[in-house]
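Thanks for opening this one with me. Here are a few notes to read beside the structure, going from the whole chain down to one strand.

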Amino acid sequence: MSESGPLIQVRNLKKYYPITGGLLGRTKDRVKAVDDVSFDIHRGETLGIAGESGCGKTTVAETIVRLLDPTDGTIHYDGRDITNLKQRELRSLRADIGLVPQDPFSSLNPRMRVRDIVSEPLDTHRDMDSEAVTERVAELLDQVGLREEYMYRYPHEFSGGQRQRIAIARALALDPSFVVLDEPTSALDVSVQAKVLELLEDLQDEFDLTYLFITHNLSVMDYIADRILIMYVGNIVERGPTDRMFADPHHPYTEALLSAVPRIGEDDDPIVLDGDVPSPRNPPSGCVFHTRCPYASDACSAEKPVLNEIGENWESRCLFEDPRAAVQRRFDDESGAEGAAANESTSTTDD
């Protein structure tokens with residue numbers, strides 16, 4: 001296992017879904033669920049991906065772990081190109097990757113006891129006798145704060161938070177290096193969310209885990225993520241350190257998302273974006289956010305911005321170095337032009 005460089009390297013990743021029609025079933029159009037996305041995940045860190053529903057964040061995660069085949073681009077795991085691995089080759093890769101799904105109520109088979117649920121990865125990837133499996137399951141339950149005797153119960157006998165702990169135990173069964181957490185707290189009460197997040201941090205420290213954390217709840221990101229990617233219609237619109245982005249978001253979409261996060265001592269109204277999220281089948285020209293952006297100009301619909309560096313390890317996909325200042329300048333220019341026109345009209349009348 002390589003110890004240098006990022007654990008995950010994603011370059012120009014695309015995931016398109018064809019739309020077919022007609023008698024011959026020809027491709028008529030494509031849904032661009034993920035459109036040219038690049039990023040790294042460093043060892044031992046938590047990278048968060050956030051955005052509204054349909055922005056492509058779960059598709060990115062499922063493509064990275066090869067539950068989905070990419071349309072284009074490359075994916076490297078621990079220095080190894082895994083972009084085009086066949087199913088047989090993926091077996092060893094998936095033993096090193098854990099997955100915690102969003103809904104603990106539907107992700108656990110209601111007909112299976114906890115012992116059998118947690119031991120599924122062991123049955124698939126390890127040659128262990130029954131006694132060794134039982135010992136390993138007891139160890140895993142202890143690691144996530146559950147008692148050993150729970151392994152003989154069924155999922156319906158547990159609360160939502162306990163079910164998610166069971167899902168986490170299953171994800172850790174093979175001692176993975178990398179764990180994908182797909183909205184792991186969204187179905188839980190707020191008080192339970194905090195306990196699950198604390199558990200995830202403790203496990204990360206203890207076992208040197210690397211996390212990809214997906215959520216639409218940025219207040220959760222503030223607690224657990226080292227860096228954040230903000231996605232919109234299949235594109236990364238901003239990425240950088242969590243603390244800096246929370247203190248001073250650059251991209252207007254990030255600003256709108258963060259304005260909805262309650263903060264102690266602040267009573268500013270959230271920014272309400274006009275319209276709906278565009279369809280990835282027919283994304284807007286230029287900047288994909290310009291149809292809802294409060295700072296957009298005519299240039300935003302004509303020119304597609306690239307990710308520009310705005311600070312150390314911090315980038316934003318916006319045409320303007322400071323979107324809010326650009327709006328103020330346009331307002332001042334328009335006010336100045338109106339004032340000059342009014343003065344000229346008055347001067348002509350006086351003459």
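1. Of the 351 residues of the protein, 48% count as buried, where buried means under 20% relative accessible area with a 1.4 Å probe and protein chains only. Please keep in mind that this is a predicted model, in which local features need pLDDT of at least 70, side-chain atom pairs count only at pLDDT 80 or more, and totals for chains, interfaces and linings use all residues. Residues are numbered from 1 along each chain as its sequence is written, and side-chain values use heavy atoms, with hydrogens and water left out.

2. The C-alpha trace spans about 105 × 60 × 45 Å along its principal axes. You will find 12 helices and 12 strands here, taken as DSSP runs (H or I, at least four residues, for helices; E, at least two, for strands) and numbered from the N terminus.

3. Now have a look at strand E3, residues 46-50: five of its five residues are buried. Thr46, Gly48 and Ala50 point one way, while Leu47 and Ile49 point the other way. In a regular strand, side chains alternate between the two faces of the sheet.

4. Which strands does E3 pair with? Strands pair if DSSP finds at least two bridges between them. Five bridges join E3 to strand E8 (residues 210-215), running parallel, and Ile49 stands opposite Ile214 there. Four bridges join E3 to strand E9 (residues 227-232), also parallel, with Ile228 as the bridge partner of Gly48.

Definitions and conventions:
Buried means under 20% relative accessible area, exposed over 50%, partly exposed in between (1.4 Å probe, protein chains only).
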